[in-house]
Amino acid sequence: METVELGGSGMVVSRVVLGLMRIKQLTDAEIRELVGTAREAGVTMFDHADIYGGSHGCEQRYGDAQPVPPAERDQVTIQSKVGIRAGFFDSSREHILSSVEQSLKALRTDYLDLLLIHRPDTLVEPDEVAAAFDELHSSGKVGAFGVSNHTPAQMELLAKSVRQPLVANQMQFSIANAALVAQGLAANITGLDQSADLDLGVLDYSRLKDITIQTWGSLQKPPPGGVFLGDRENYPELNDTLDELAQTHNTTPTAIAIAWIARHPARMQVVIGTTNPGRVRESAAGATIDLTREEWYRLFTAAGHTLP
């Protein structure tokens with residue numbers, strides 16, 4: 001498994017991240033198999049959020065299953081997210097601190113390696129976020145901090161008060177849902193929907209600021225969502241191209257879809273949310289495949305995006 005440095009944090013982490021938002025209904029044995037398969041494939045980073053599975057529900061299942069013995073805690077990187085509540089967003093100091101305490105208890109760990117603010121809160125008070133981050137960092141309960149679904153200006157607003165660097169931003173991205181790169185390729189083209197800037201240049205900003213982009217929905221199509229793999233009704237050319245390149249590289253279409261993300265020089269981390277151990281292995285394998293420029297652009301256009 002290829003590794004990357006997480007922003008400028010000094011933490012070296014796996015290119016593929018296992019997201020655990022769907023594990024609430026799994027048995028302990030199934031969770032152990034899923035996490036164990038990921039670790040055997042070289043995945044060292046695991047993604048949670050306080051809202052997954054209800055209030056800390058998936059974190060609790062992970063902790064109950066105890067897939068990581070305490071003696072091996074330093075061999076994995078655990079991140080969680082905070083800020084989404086029932087019907088509103090909350091990035092207040094009180095909620096951040098309270099939620100992290102509940103996450104630590106549910107996960108049965110003494111610290112989080114990384115904490116992300118899950119969604120931009122328009123009522124955010126950057127000084128409150130900074131106070132919470134300072135307390136969590138100085139107490140050793142959180143090692144590093146980041147955000148999810150934030151624009152460059154929203155990150156700059158936080159950075160005005162937050163003393164720790166924001167090392168990651170988790171963003172929606174896949175071959176089929178590729179606004180993150182598609183707009184930049186069609187900038188200044190009149191009359192083309194793809195030219196609309198949906199994230200205000202976050203990709204280039206992240207590269208300039210040494211912020212690691214983590215992709216969520218890595219195998220998903222645009223809303224209402226669903227996996228594009230095998231969807232020949234809506235993505236026939238993309239699936240044909242995935243099949244062809246899978247044969248070329250002696251691998252699977254899943255692996256090629258992951259390789260497409262990993263090929264970008266921004267060195268993004270790829271978050272996968274599967275509960276299928278086989279797909280975990282395929283995704284991990286994909287992060288080791290080096291697509292050519294021609295192959296990368298073939299997949300991009302096969303998904304329906306435009307090269308002006």
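I began with strands β8 (residues 112–117) and β9, which pair in the parallel sense over five bridges. Two strands pair if DSSP finds at least two bridges between them. Helices (H or I, at least four residues) and strands (E, at least two) are DSSP runs, numbered from the N terminus.

Before going on, I wrote down the ground rules. Residues are numbered from 1 along each chain as its sequence is written, and side-chain values use heavy atoms, without hydrogens and water. The model is predicted: local features need pLDDT of at least 70, side-chain atom pairs count only at pLDDT 80 or more, and totals for chains, interfaces and linings use all residues.

**Barrel**

I traced the sheet next. Eight strands form a closed barrel in the order β3-β4-β5-β8-β9-β10-β11-β12, with parallel pairing. Neighbouring strands of this sheet are turned by 30° against each other on average, direction ignored. For that angle, axes are lines fitted to C-alpha atoms (for helices over the stretch in contact), and angles run from 0 to 180 degrees between N-to-C directions. I then looked up β3 (residues 16–19): three bridges join it to β12, and the two run parallel. Valine 17 is bridged to valine 271 in β12.

How enclosed is strand β9? Six of the seven residues of β9 (residues 142–148) are buried, so the rest of the structure largely encloses it. Buried means under 20% relative accessible area, exposed over 50%, partly exposed in between (1.4 Å probe, protein chains only).

**Pockets**

On a 1 Å grid over the protein atoms alone, a pocket is an open set of points with protein on both sides within 12 Å along at least five of seven lines, where a cavity is a set of points where a 1.4 Å probe fits but cannot get out; lining residues have an atom within 4 Å of a point. Grid points are joined across faces, edges and corners, and a volume is the space filled by probe spheres set on the points.

The largest pocket holds about 540 Å³. I found 30 lining residues, with Met21, Arg22, Trp216, Gly217 and Gln220 nearest its centre. Strands β10 (166–172) and β12 (269–272) each supply at least two residues of this lining. By class, the lining has eleven nonpolar, 13 polar and six charged residues. Ala, Val, Leu, Ile, Met, Phe, Trp, Tyr, Cys and Pro count as nonpolar, Asp, Glu, Lys and Arg as charged, and the others, Gly among them, as polar.

The second largest pocket has a volume of about 370 Å³. Its lining has 18 residues, of which Val181, Leu185, Leu203, His264 and Trp296 are closest to the centre. Helix α6 gives the largest share of that lining, six residues.

I also checked glutamine 183, which lies in α6. Glutamine 183 is buried, at 18% relative accessible area. Beyond its neighbours within four places in sequence, glutamine 183 is in contact (heavy atoms within 4.5 Å) with Gln194, Ser195, Ala196 and Asp197.

Most residues other than glycine have a negative phi, and most peptide bonds are trans. I listed the exceptions I looked up. The bond from proline 223 to proline 224 is cis, with omega near 10°. Proline 224 sits in the loop between β11 (212–216) and α8 (236–248). Asparagine 149 has a positive phi, near 65°, and is buried at 15% relative accessibility. Aspartate 210 has a phi near 60° but is partly exposed, at 46%.
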